[in-house]
Amino acid sequence: MRNSLGNTYSLLFIVRSLALTIFAIALFAACSRKPSNETSSLTESIVTKQTKNPLPEAAALIAGKSLYAVHCTMCHGDDGKGEGSAGGSLAMKPTDLTTGDAAIAADGKLFLIIKNGIKNEGKQTMPPAKEVTDKQIWQIVAYAHTLARK
């Protein structure tokens with residue numbers, strides 16, 4: 001009887017170990033899968049200052065223009081010169097997107113500024129984008145680059 005009980009516990013141990021191994025392999029496979037759609041690959045990648053805009057420019061410009069109108073013109077103005085209706089009430093004039101560093105900034109740098117906002121001397125001078133997705137930020141970046149070309 002004791003031998004039979006020992007064999008049962010050994011068999012249970014083997015079955016549980018095998019089940020845990022299979023579960024671990026399945027979990028690893030699921031986590032290491034590459035994203036299958038464009039949106040998830042845009043939000044799961046790490047963006048650096050030198051990251052290139054992953055969206056096709058033509059499609060991004062159309063969406064970017066309307067997103068810019070909703071989220072950016074109030075401070076930066078329709079033309080991007082930093083003369084929007086709310087810009088005058090701010091402690092620091094909004095950045096002119098048509099000249100200087102902003103006009104020649106790399107895609108990734110603009111993305112990070114829009115996503116994280118800007119602080120100068122510990123004060124928030126541009127709030128981070130909270131109501132837009134990473135894909136929408138890339139669309140705004142594409143449109144913002146056109147402002148310097150006008």
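Is cysteine 72 buried or exposed? At 14% relative accessibility, cysteine 72 counts as buried. Buried means under 20% relative accessible area, exposed means over 50%, and partly exposed lies in between, with a 1.4 Å probe and protein chains only. By that rule cysteine 75, at 26%, counts as partly exposed.

A word on the source. This is a predicted model, where local features need pLDDT of at least 70, side-chain atom pairs count only at pLDDT 80 or more, and totals for chains, interfaces and linings use all residues. Residues are numbered from 1 along each chain as its sequence is written, and side-chain values use heavy atoms, with hydrogens and water left out.

Back to the cysteines. A disulfide is a pair of cysteine sulfur atoms within 2.5 Å. The structure holds zero of them.

Now the overall plan. The protein has seven helices and two strands. Helices are DSSP runs of H or I with at least four residues, strands are runs of E with at least two, and both are numbered from the N terminus. From that end the order is α-α-α-α-α-α-β-β-α. Of the 150 residues, 29% are buried.

Take helix α7, residues 134-149. The expected span of a helix is 1.5 Å times one less than its number of residues.

Next, the largest pocket. A pocket is an open set of points on a 1 Å grid over the protein atoms alone, where a 1.4 Å probe fits, with protein on both sides within 12 Å along at least five of seven lines; lining residues have an atom within 4 Å of a point. The largest pocket holds about 850 Å³, the space filled by probe spheres set on the points, which are joined across faces, edges and corners. It has 32 lining residues, and His76, Ile113, Ile114, Met126 and Pro127 are the closest to its centre. Elements giving two or more residues to the lining include α3, β1, β2 and α7. Helix α6 gives the most, with four residues.
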